[in-house]
Amino acid sequence: MIVDFREPGGEVIRGDICIVGAGAAGIAMAWELADGKLKVVVLESGGLDHDGDTQSLYDGENVGLDYYGLESARMRMFGGTTNHWSGWCMPLDALDFEARPWVPLSGWDLTKGDLLPYYRRAQPIFDLGPFDRYAPATWKELDLQPVPLDERKLVTQFTQQREPPVVFGQAYRDELEAAANVTVYLFANLAHIQLSPDGRRVAHLDVASLSGRRRKVVATRFVLACGGLENPRLLLNSDDAQPGGVGNGHDLVGRCFMEHPEVVAAEVFEAANNDIAWMFDWFRHVDARAVVCPSERLQESEGILNTSAHLRAEYSRVPGLAAERQIGESVQNGQVPDELGDKILDVVGDLDDIAAAGWSWLRGGNHHRYRKVERFHLEIHCEQAPNPDSRVVLSEEVDALGLRKINLDWRLTDAERRSIEVLTRTVASEFGRLGLARLRQSEWLASGGDWADSEVEGGYHHMGTTRMADDPTRGVVDRDCKVHGVENLYIAGSSVFPTGGWANPTLTIVALALRLADHLTQLGA
Amino acid sequence: MGGSPIRHGFHRRKFLGLSLAAAALPLAWRVAPFAPASGDAKLATRQLVERLFTHPDHARAVGRLVRAGAGGRPDLREEAAALEGLIDGLRPRSAARIRGALRARIRRDFAAGDVVVVEGWYLARAEAAVCFLLAS
């Protein structure tokens with residue numbers, strides 16, 4: 001059932017499990033718990049559509065590295081940020097879960113093996129292909145010879161992307177609406193986490209709408225699933241029973257904010273046409289794209305973070321390709337194209353480019369179809385090392401509900417810069433050895449790589465701010481995602497990631513959400 | 001998903017020249033026409049090396065940058081001298097042999113990750129040394 005929180009109803013909402021937030025994590029949990037024995041209450045701040053007033057509750061200020069506006073860096077509506085995402089999925093690597101001596105604060109209290117069954121269960125939720133398609137064996141499926149990179153240094157992996165991506169709020173709305181044990185409240189904002197007098201339990205949640213409606217939610221267990229910026233904000237704002245905020249006895253809430261820094265590290269000059277296009281194409285018939293990553297051995301020997309590299313194209317316009325497309329579209333619509341004669345002349349004049357584009361299309365690539373690649377750049381997505389000084393803190397400003405807004409102090413260190421430099425150098429060496437291409441560093445990398453001078457961007461991935469560790473002095477939640485010291489409060493989402501690898505986080509977010517749903521089911525009512 | 005375009009505001013002219021040079025390097029090794037071996041024996045070693053490149057001016061420009069480089073760029077004099085000796089030793093044989101030997105050295109350097117960064121370009125050490133030799 002999906003209802004409007006603002007409509008008349010009792011002053012207290014009751015359930016066995018209350019999930020705050022209906023994004024990827026919250027919806028995956030509710031969907032998993034649907035038609036079960038537990039009564040599930042889902043609180044969603046927004047409605048089914050975008051609403052400017054609700055979205056503005058995400059307002060905040062960047063006080064560290066340049067970053068996206070915090071109001072627009074995520075979406076506050078049913079479905080969360082899956083309403084506007086690229087859909088790339090990839091599990092973390094086994095090494096990402098391990099404690100790496102060269103990465104301070106690394107190491108999950110879970111292994112990839114622990115999470116693997118949940119990754120496999122998460123895969124169909126995204127309507128993706130086989131889970132095994134992430135592996136290099138996909139080369140066979142593509143009918144392509146793997147590029148003979150030195151696997152002691154570099155490995156190829158495949159990311160998957162369904163086109164268009166699954167929008168959780170649309171894909172799972174009907175099932176949640178039909179589930180007898182699930183009630184989704186729209187326009188319901190968590191305003192305060194009220195702990196019991198001894199501070200060991202959540203007594204209830206104070207929930208408010210922007211229209212002024214206020215109600216309490218009482219449940220056996222509560223799950224915060226609001227993302228890596230909002231989860232710490234909600235904990236830090238509720239500081240009446242525990243100084244510094246809920247679960248913040250060791251001053252860890254909000255710290256270790258991690259993104260996936262994305263930079264253009266080099267310009268790429270191909271030795272021969274299409275020798276490196278495999279590192280760029282999205283192979284549409286398998287919904288996958290190849291990336292090049294440092295081997296575990298290279299990460300360890302060089303003491304670097306996990307990273308991935310792929311090619312980004314700079315296009316030039318080819319009139320013949322555009323004309324071919326326009327002619328094709330007109331014919332499909334049963335129309336005669338405007339200025340047909342000129343268009344035919346354009347096609348004839350660019351026959352070589354059209355032939356090359358057609359060949360690329362036939363072999364599975366799609367990006368070359370109507371544009372000509374002028375040059376490639378090497379784009380690197382990097383893991384960010386956990387850094388307590390990279391953090392979310394509360395500002396003195398308050399939002400429309402009276403909650404303090406956030407300041408995001410995003411910081412990167414030499415560890416990320418050096419990891420990018422090593423991967424770029426290694427790709428340059430391997431491409432040089434194989435005669436595939438030559439690389440020239442970006443100006444930023446060539447000049448020493450000061451982050452303040454960079455044009456680094458993030459992937460809209462907010463991780464690490466309520467990190468997982470069984471040791472309460474090292475983490476906010478334990479391996480079951482339960483907040484240390486609060487026996488009925490859990491956190492879902494990428495804020496629990498102790499480290500984030502380079503992979504897009506959503507598949508791991510959903511895998512962890514399914515695992516938490518199983519755990520709560522086992523605990524029962 | 002983002003990223004930033006490469007900025008080349010400073011040293012634009014120098015970068016442009018160099019980009020032509022370095023972009024030409026791998027192609028040069030691959031396709032450079034070569035004079036018959038009987039004629040090569042009469043050429044001085046450096047003239048011979050020049051003929052390995054389709055664009056020797058560009059290679060010389062890279063070499064000048066290597067020679068002028070300060071702060072972190074390795075001194076390639078010994079490497080260049082060794083290569084000169086190698087080429088001298090091979091000169092009685094065929095030009096293809098010399099080219100093959102140099103290409104093998106370059107591949108070996110790349111395989112070992114032994115690269116030199118010249119104004120942002122990743123060059124194999126032997127490759128940079130050959131350019132250095134040309135600019136001597």
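This is a short exchange about a few residues in a predicted model.

Colleague: Which residues make up the patch of negative charge on the surface?
Modeller: Asp35(A), Asp174(A), Glu175(A) and Glu177(A) gather there.

Colleague: Where is Glu177(A) found?
Modeller: In helix 7 of chain A, residues 173-178.

Colleague: Why is Glu177(A) called partly exposed?
Modeller: Its relative accessible area is 37%. Buried means under 20% and exposed means over 50%. Glu177(A) has 37%, so it is partly exposed.

Colleague: What about Asp35(A): buried or exposed?
Modeller: Asp35(A) has 64% relative accessibility. The cut-off for exposed is over 50%, so Asp35(A) counts as exposed.

Colleague: Where is the place of Asp35(A), and what is its phi?
Modeller: Asp35(A) is in the loop between helix 1 (24-33) and strand 3 (40-43) of chain A. Its phi is near 65 degrees, a positive value in a residue other than glycine.

Colleague: What is the phi of Cys481(A)?
Modeller: About 70 degrees, which is positive, although Cys481(A) is not a glycine. Cys481(A) lies in the loop between helix 14 (443-446) and strand 19 (489-491) of chain A.

Colleague: How do you know whether Cys481(A) is buried or exposed?
Modeller: Its relative accessible area is 3%. Buried means under 20%, so Cys481(A) is buried.

Colleague: Is the peptide bond from Glu163(A) to Pro164(A) cis or trans?
Modeller: The bond is cis, with omega near -5 degrees. Pro164(A) is in the loop between strand 6 (154-161) and helix 6 (168-171) of chain A. Most peptide bonds are trans.

Colleague: Now chain B. Where is Phe53(B) found?
Modeller: In the loop between helix 3 (45-50) and helix 4 (56-68) of chain B.

Colleague: Why is Phe53(B) called buried?
Modeller: Phe53(B) has a relative accessible area of 6%. The cut-off is under 20%, so Phe53(B) is buried.

Colleague: How far apart are Phe53(B) and Asp88(B) in sequence and in space?
Modeller: They are 35 residues apart in sequence and 18 Å apart in space, C-alpha to C-alpha.

Colleague: How do you know what helix 4 of chain B should span?
Modeller: Helix 4 of chain B has 13 residues.

Colleague: Which residues of helix 4 of chain B are buried?
Modeller: Ala59(B), Arg60(B), Val62(B), Gly63(B), Leu65(B) and Val66(B).

Methods: Residues numbered from 1 in each chain as written. Chains lettered and ligands numbered in written order. Predicted model: local features only at pLDDT ≥ 70, side-chain atom pairs only at ≥ 80, totals over all residues. Heavy atoms only, no water. Patch = residues over 30% accessible without salt bridge, like charges linked within 9 Å, V, L, I, M, F, W, Y side chains within 5 Å. Areas by Shrake-Rupley, 256 points an atom, 1.4 Å probe, with all protein chains shown as cover. Salt bridge = Lys/Arg side-chain N within 4 Å of Asp/Glu carboxyl O. Lys, Arg positive; Asp, Glu negative; His and termini not counted. Charge placed at Lys NZ, Arg CZ, Asp CG, Glu CD. Helix = DSSP H or I, 4+ residues; strand = E, 2+ residues; numbered from the N terminus. Buried < 20%, exposed > 50% of the residue type's maximum accessible area, 1.4 Å probe, protein only. Expected span 1.5 Å × (residues − 1).
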